[in-house]
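Subject: Structure handover

Hi,

Here is the structure I promised to pass on to you.

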Amino acid sequence: MFKNVISKRAIIYPLLMLSAMWFGYFLQTQGFFQSCFGAIIPLLPEGLLGVVTSPLLHGNIDHIIGNSIPIAALMFLLYQFYPLVANKVFIIGWLATGLLVWLLPPIDILTGDYMYTCTIGASGVVYVLAFFLFFSGVFKWNTKLLTISMLVVLYYGSLVWGMLPEELFYNMQEPSKISWQAHLSGAVVGSIIAFAFKNVGEKKKKFIWEFPNYYNEKDDKLWQEYKENHPEDFMELPYKKKDDIWDHLEELRKR
């Protein structure tokens, strides 16, 4: 019974993603992906590799742990409740977010200076999944999917603040290392994908009681059971005799 409730993909794919992230971090600790190699570097050709690899790389142990938990939870919800589009959402969201980060001019909004930073981490993908799950439930207006939307808001509602530069809230001696561009890009991409797939998969169910003037005797199980268990009650009903055209022949002739 448990197997019928929980999708295998909802367990396997988050584990695969976590394995890839931690393997990438292990390679970093062994001297691979040094400097900005594998990171997104905006508007520079060598930074395009990061569109694919940057979600698998992290700056330190706190960084990867902080992304692992929401990745696991949100991917589980994605593959459990949106199985028809889960792969498309994940892959398109991953690549589109990375490409959008690469296209954004690396400008410090407070000073106007160009800052060619190296962006790594899976937080952009986290924002894709969170915003897709929230808006998809809203667009479909399905009770079960709306519940998922509310869960996302409850646990990850604070993600909204991550779409703004940290410098707006704190006086910092040096530029923040948190990429609000990646967060904003993920949120935009996730919202767009949710709208694009709003008619795919499970939709709002309409129950019989939502149609007050609808009645179908075949759908009335109690009535059907009664008819089967009490056939004698239907044997002597005063059925109307079927009209026979020949009985009216004389009347027709007079006309």
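Below is what I found in it, starting with the overall picture.

First, some ground rules: this is a predicted model, in which local features need pLDDT of at least 70 and side-chain atom pairs count only at pLDDT 80 or more, while totals for chains, interfaces and linings use all residues. Residues are numbered from 1 along each chain as its sequence is written, and side-chain values use heavy atoms, with hydrogens and water left out.

The protein chain has 10 helices and zero strands; these are DSSP runs numbered from the N terminus (helices are H or I, at least four residues; strands are E, at least two). Of its 255 residues, 35% count as buried, where buried means under 20% relative accessible area, exposed over 50%, and partly exposed in between (1.4 Å probe, protein chains only). Among contacts (heavy atoms within 4.5 Å) with a separation of 6 or more, 76% come from residues 24 or more positions apart.

Next, a helix pair. Helix H4 (residues 61-81) packs with helix H6 (residues 123-140) at an angle of about 35 degrees, and their axes are 9 Å apart. Axes here are lines fitted to C-alpha atoms, for helices over the stretch in contact, and angles run from 0 to 180 degrees between N-to-C directions. On the H4 side the contact includes Asn67, Pro70, Ile71 and Leu74, and on the H6 side the residues include Ser123, Val125, Phe132 and Leu133. By class, the contact residues are 12 nonpolar, two polar and no charged (nonpolar: Ala, Val, Leu, Ile, Met, Phe, Trp, Tyr, Cys and Pro; charged: Asp, Glu, Lys and Arg; polar: the others, Gly among them).

There is also one disulfide, meaning a pair of cysteine sulfur atoms within 2.5 Å. Cys36 is joined to Cys118, with an S to S distance of 1.4 Å. The link is right-handed, with 75 degrees about the S-S bond. Cys36 sits in the loop between helix H2 (8-29) and helix H3 (50-53), whereas Cys118 is in the loop between helix H5 (86-103) and H6, 82 residues apart. Cys36 is partly exposed, at 26% relative accessibility, and so is Cys118, at 33%.

Finally, Ile11 belongs to helix H2. Its relative accessibility is 40%, so Ile11 counts as partly exposed. Beyond its neighbours within four places in sequence, Ile11 is in contact with Ile6 and Phe76.

Best wishes
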